[in-house]
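Here are a few comments for you to read with the model open beside you. Please take them one at a time and look for each feature as you go.

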Amino acid sequence: MTTAELPRARVRVRQLPRELHPGAWWIWALGLAAAASATTNPLLLLLVVAEAGVVVALRRSDHPWSRAFRLYLWLGLVVVVLRVLFRVVLGGATGTGTVLLDLPEIPLPHWVLGIRLLGPVTADTVLAGLYDGMRLAAILICVGAANALANPKRLLKSLPPALYEVGTTVVVAVAILPQLADSVRRVRQAQRLRGSGHGRRSLRRLLVPVLEDALERSLALAAGMDARGYGRAGDLTPRQRRVTGTLLIAGLVGISVGVYAVLDQSAPRVLAVPMLVLGALAAAAGFVSAGRRVQRTRYRPDPWRVPELLVAGSGVLVAAAAFVLLPHQPAVQDPALTAAPTLTLAALLLVLLGLVPALVAPRTSS
Amino acid sequence: MSALDLTGRAVTRPALALRPRSAAVLGLASVAGLLMFCWPLLVHVRVHGDTVSPPFFFLVLLPVVVLVVLAELSEGGIDAKVLAVLGVLTACNAVLRGLDAGLAGIEFVFFLLVLAGRVYGAGFGFVLGCTSLFASALLTAGVGPWLPYQMLASAWIGLGAGLLPRRVTGRAEIAMLVAYGVVAAYVFGLLMNLSSWPFLLGVAVPGHDGGLSFVPGDPLVDNLHRFGVYTLLTSTGSFDTGRAITNALAIVVLGPAILTTLRRAARRARLDSPAQ
């Protein structure tokens with residue numbers, strides 16, 4: 001290799017296809033979802049959905065879960081259609097504005113609250129349902145983007161230490177699935193050889209041996225895990241464990257009180273958001289404290305490099321900007337139902353920040 | 001059913017012991033979770049007709065609550081055998097849940113959860129409810145805002161199965177579990193509907209009566225009535241009843257055999273364990 005080729009080689013190493021840390025994708029997607037939850041402007045919501053779609057199209061891998069995004073798009077469509085239909089069927093009669101379709105009204109008996117079915121369909125009815133439905137659909141589609149982009153197996157590997165056992169359980173469950181299929185095949189083969197046919201009891205004859213077999217294997221697996229030092233407990237002092245417990249309980253109390261105060265607007269406002277934040281912080285601290293007992297090393301941990309930081313950062317920025325900027329522009333945040341929705345440059349730019357991953361995330365295949 | 005009578009008392013110690021502290025955490029988390037399920041019935045606005053937008057942050061807060069409980073329940077470490085059995089049953093539940101997808105109204109998710117919760121205890125049932133739904137969502141790329149709600153609701157089902165009276169055995173036990181399975185099926189449907197109602201139907205805006213949707217500031221009874229009609233129309237008659245019937249049938253037909261299998265595994269795990 002000549003010296004002239006060296007820098008190029010290094011550049012190529014950096015662009016090697018790899019999968020982004022699944023946590024980064026989830027933070028980005030949840031950021032977009034949070035931004036979508038802050039507005040009912042159909043243009044902004046369409047932009048958010050389009051961004052999610054572009055990033056998924058450019059950066060998804062060949063794994064089976066990557067195809068899930070299409071399902072979420074359909075789901076979003078179903079939500080919007082359902083929402084508008086519910087409005088038209090149940091609440092059409094009370095709408096105001098231009099009448100689009102004059103349907104006859106069908107009064108129902110008193111025990112269903114005197115609800116009227118159908119009635120004149122107005123522009124307001126349809127638009128209100130459409131905007132609200134689009135908001136929910138956009139949130140769903142953002143989560144769908146995370147499903148399609150983040151590798152669930154790697155996500156399980158990078159669970160926080162406090163969830164070590166629960167995460168291991170799910171890993172065991174996912175790993176055991178092929179064995180279950182194999183077990184079903186063997187049991188059925190044995191049944192055919194014995195000549196037992198179909199019937200009311202065939203299901204029990206199939207399920208019980210499969211379950212028995214699986215439980216048998218699980219005990220072998222447990223012995224293997226014990227032999228490899230799985231059960232090694234960390235050395236935490238009783239005091240440290242008390243701290244963990246206190247933090248977890250304090251966190252849950254804070255969250256419960258906070259949620260109640262948010263719902264009951266006659267409660268003192270100090271108890272609402274500040275209490276929620278404090279509770280969540282205490283719970284998080286308890287979580288970290290509970291994780292200290294787990295001492296394990298990880299084989300080839302997923303790296304958290306600059307692209308991860310940029311992808312996660314863009315999601316956080318979009319969410320933060322949406323919650324800070326949009327309340328100052330009420331006409332953009334919640335457009336009136338009587339006029340066409342508008343956009344401002346600031347709103348446009350803030351949402352476009354969400355496209356950053358399409359540029360900075362590494363490709364997953366060459 | 002004499003085998004059942006013999007093994008009915010075999011498992012006395014639950015697989016995942018609920019210490020007083022864990023019970024406290026679980027209780028608090030259940031209160032917080034229930035608040036987030038039932039929020040439309042609790043909202044209290046200062047001015048009647050104030051606009052209320054659905055609290056989307058619950059969708060982030062609920063997972064935190066669920067994770068805190070899981071961290072607490074596994075705080076002392078989970079025994080390798082318990083963990084392996086938990087993993088196997090999670091896989092079975094995930095497969096059973098995958099079977100439902102094609103058959104509307106026929107759901108096999110809960111019968112194994114109820115039986116396992118009964119045999120291995122409340123803490124085990126709670127964790128199994130969470131991991132089953134999580135694993136099946138991971139496998140089908142179906143992680144969505146509904147997942148934490150489903151996890152918590154099915155965790156409660158597993159928990160409740162573990163809290164049923166221990167002394168009942170034999171045919172009476174099967175009858176009790178069938179009754180519990182039917183109630184659990186309807187309660188699960190009701191809770192899931194309650195969590196999605198304000199999101200799917202929207203929150204009524206002042207001067208815009210939304211028919212069946214949630215009206216903030218209305219008396220509890222009126223909102224309950226609206227929700228009742230909504231849930232009756234959309235699912236109680238169809239999906240929930242289908243789920244209840246499958247639960248009951250599965251427990252009657254497969255229950256005794258599976259209870260015996262699970263108890264045998266529990267006994268063997270105990271026998272193999274080193275003296276402590």
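1. In this predicted model, the count of salt bridges between chain B and chain A comes to 3. One that you can look for joins the side chains of Glu212(A) and Arg264(B), where the N to O distance is 2.9 Å.

2. Polar contacts also cross the interface of chain B and chain A, and the rule finds 7 residue pairs of this kind, with both residues at pLDDT 80 or more.

3. Which helices of chain B supply at least two residues each to the side that touches chain A? They are α2 (20–37), α3 (39–42), α4 (58–73), α5 (80–100), α7 (122–139), α9 (170–201) and α10 (220–272); of these, α10(B) gives the most, with 15 residues.

4. Sorted by class, the side of chain B that touches chain A holds 56 nonpolar, 17 polar and 12 charged residues. The area buried between the two chains is about 7,300 Å², and carbon and sulfur atoms give 76% of that area, while the contact itself involves 85 residues of chain B and 77 residues of chain A.

5. An unreviewed UniProt entry carries the annotation "transmembrane region" for several stretches of chain B, including residues 108–134 and 146–165. In the model, residues 108–134 of chain B are 93% helix and 0% strand, and the end C-alpha atoms of this span lie 16 Å apart. Residues 146–165 of chain B are 90% helix and 0% strand, with end C-alpha atoms 31 Å apart.

Key:
Residues numbered from 1 in each chain as written. Chains lettered and ligands numbered in written order. Predicted model: local features only at pLDDT ≥ 70, side-chain atom pairs only at ≥ 80, totals over all residues. Heavy atoms only, no water. Contact = heavy atoms within 4.5 Å. Buried area = accessible area lost by both parts, 1.4 Å probe. Salt bridge = Lys/Arg side-chain N within 4 Å of Asp/Glu carboxyl O. Polar contact = N/O pair within 3.5 Å; in protein donor to acceptor, adjacent residues only side chain to side chain. Helix = DSSP H or I, 4+ residues; strand = E, 2+ residues; numbered from the N terminus. Nonpolar A, V, L, I, M, F, W, Y, C, P; charged D, E, K, R; others polar. UniProt positions renumbered as here; feature names shortened; annotations may be inferred.
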